[in-house]
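Colleague: I would like to learn how to read a model like this one, feature by feature. Could we go through it together?

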Amino acid sequence: MHKKVGIINGPNLNLLGQRQSDIYGDISFNVFLKKLQDKYEGVDIRYFQSNIEGELINEIQNIGFNMDGIILNAGAYTHTSVAIGDAVAAIKCPVIEVHISNVFSREDFRKFSYLSSVCVGQITGLGLSGYELALRYFLEL
Ligand code: DQA
């Protein structure tokens, strides 16, 4: 049976490739996602992005009971959203928190996460490779 993994990106991550490329790189997420899907063609990778907190929560609830795992980069909501943390705690499948930049080497407000304690783990600072590493973790489970 094909594994099913969700990738959920939060606010401003639709601007990857155009946004602060010194921090976030110069590849758009759609280009990266296509390469990932081609490389792992046996895996059902479902992608969702929203700039809206409630839409992220709806997606976590929608897929969180029938995926093998979710890779979640909630962007700035990581540092502010009790509600996204509660949604992650409420679902059945494991979630890995991913950040493209190293949140610990940046401003202090980025060092706190409402998600870390309810996720199985966190990958931060490895660029877009963090998504692939998280995917491989779920494939090897
Ligand atoms: C981010 C880090 C967050 O602090 C920031 O608000 C983002 C992106 C990252 O992937 O490095 O939007 O989640």
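**Reading the model**

Modeller: Start with asparagine 73, which sits in strand β3. Keep in mind that the model is predicted.

Colleague: Is asparagine 73 buried or exposed?

Modeller: Judge that by relative accessible area; buried means under 20%. Asparagine 73 has 3% relative accessibility, so it counts as buried.

Colleague: Which polar partners does the side chain of asparagine 73 have?

Modeller: Look for N or O pairs within 3.5 Å. The asparagine 73 side chain reaches the backbone nitrogen of glycine 75 at 3.0 Å. A polar contact of 3.1 Å also links the side chain of asparagine 73 to that of tyrosine 131.

Colleague: Which residues is asparagine 73 in contact with, leaving aside neighbours within four places in sequence?

Modeller: Tyr131 is on that list too.

Colleague: How far apart are the C-alpha atoms of isoleucine 70 and isoleucine 84?

Modeller: Keep sequence and space separate here. These two residues are 14 apart along the chain, and their C-alpha atoms are separated by 13 Å.

Colleague: Now helix packing. At what angle do α3 and α4 pack?

Modeller: Take the angle between the axes, then the distance. Helix α3 (residues 53–63) and helix α4 (residues 82–90) pack at about 5 degrees, with axes 9 Å apart. Angles under 35 degrees count as roughly parallel, so α3 is roughly parallel to α4.

Colleague: Which residues meet there?

Modeller: From α3, Glu53, Leu56, Ile57 and Ile60. From α4, Ala83, Ile84, Ala87 and Val88. By class, the contact has seven nonpolar residues, no polar ones and one charged.

Colleague: What should I look for in backbone angles?

Modeller: Most residues other than glycine have a negative phi. Asparagine 12 has a positive phi of about 75 degrees, although it is not a glycine. Glutamine 20 also has a positive phi, near 30 degrees.

Colleague: Where are asparagine 12 and glutamine 20 found?

Modeller: Asparagine 12 is in the loop between β1 (4–9) and α1 (21–24). Glutamine 20 is in the loop between β1 and α1. Asparagine 12 counts as partly exposed because its relative accessibility is 36%. Glutamine 20 is partly exposed as well, at 43%.

Colleague: Step back. How many helices and strands does the protein chain have?

Modeller: Five helices and five strands. From the N terminus on, the order is β-α-α-β-α-β-α-β-β-α.

Colleague: What does the radius of gyration say about the chain?

Modeller: Compare it with the value for a compact globule. With 141 residues that would be near 14 Å, and the chain has 14 Å, so the two agree. The C-alpha atoms fill a box of roughly 45 × 30 × 25 Å along the principal axes.

Colleague: What share of the residues is buried?

Modeller: Of the 141 residues, 46% count as buried. Contact range is another reading: among contacts with a separation of 6 or more, 76% join residues 24 or more positions apart.

Definitions and conventions
Residues are numbered from 1 along each chain as its sequence is written. This is a predicted model: local features need pLDDT of at least 70, side-chain atom pairs count only at pLDDT 80 or more; totals for chains, interfaces and linings use all residues. Side-chain values use heavy atoms; hydrogens and water are left out. Axes are lines fitted to C-alpha atoms, for helices over the stretch in contact, and angles run from 0 to 180 degrees between N-to-C directions. Helices (H or I, at least four residues) and strands (E, at least two) are DSSP runs, numbered from the N terminus. Angles under 35 degrees count as roughly parallel, over 145 as roughly antiparallel, 65 to 115 as roughly perpendicular and the rest as oblique. Contact means heavy atoms within 4.5 Å. Ala, Val, Leu, Ile, Met, Phe, Trp, Tyr, Cys and Pro count as nonpolar, Asp, Glu, Lys and Arg as charged, and the others, Gly among them, as polar. Buried means under 20% relative accessible area, exposed over 50%, partly exposed in between (1.4 Å probe, protein chains only). A polar contact is a pair of N or O atoms within 3.5 Å; within protein, one must be able to donate a hydrogen and the other to accept it, and residues adjacent in sequence count only if both atoms are side-chain atoms. The radius of gyration is taken over C-alpha atoms; the globule rule is 2.2 Å times the number of residues to the power 0.38.
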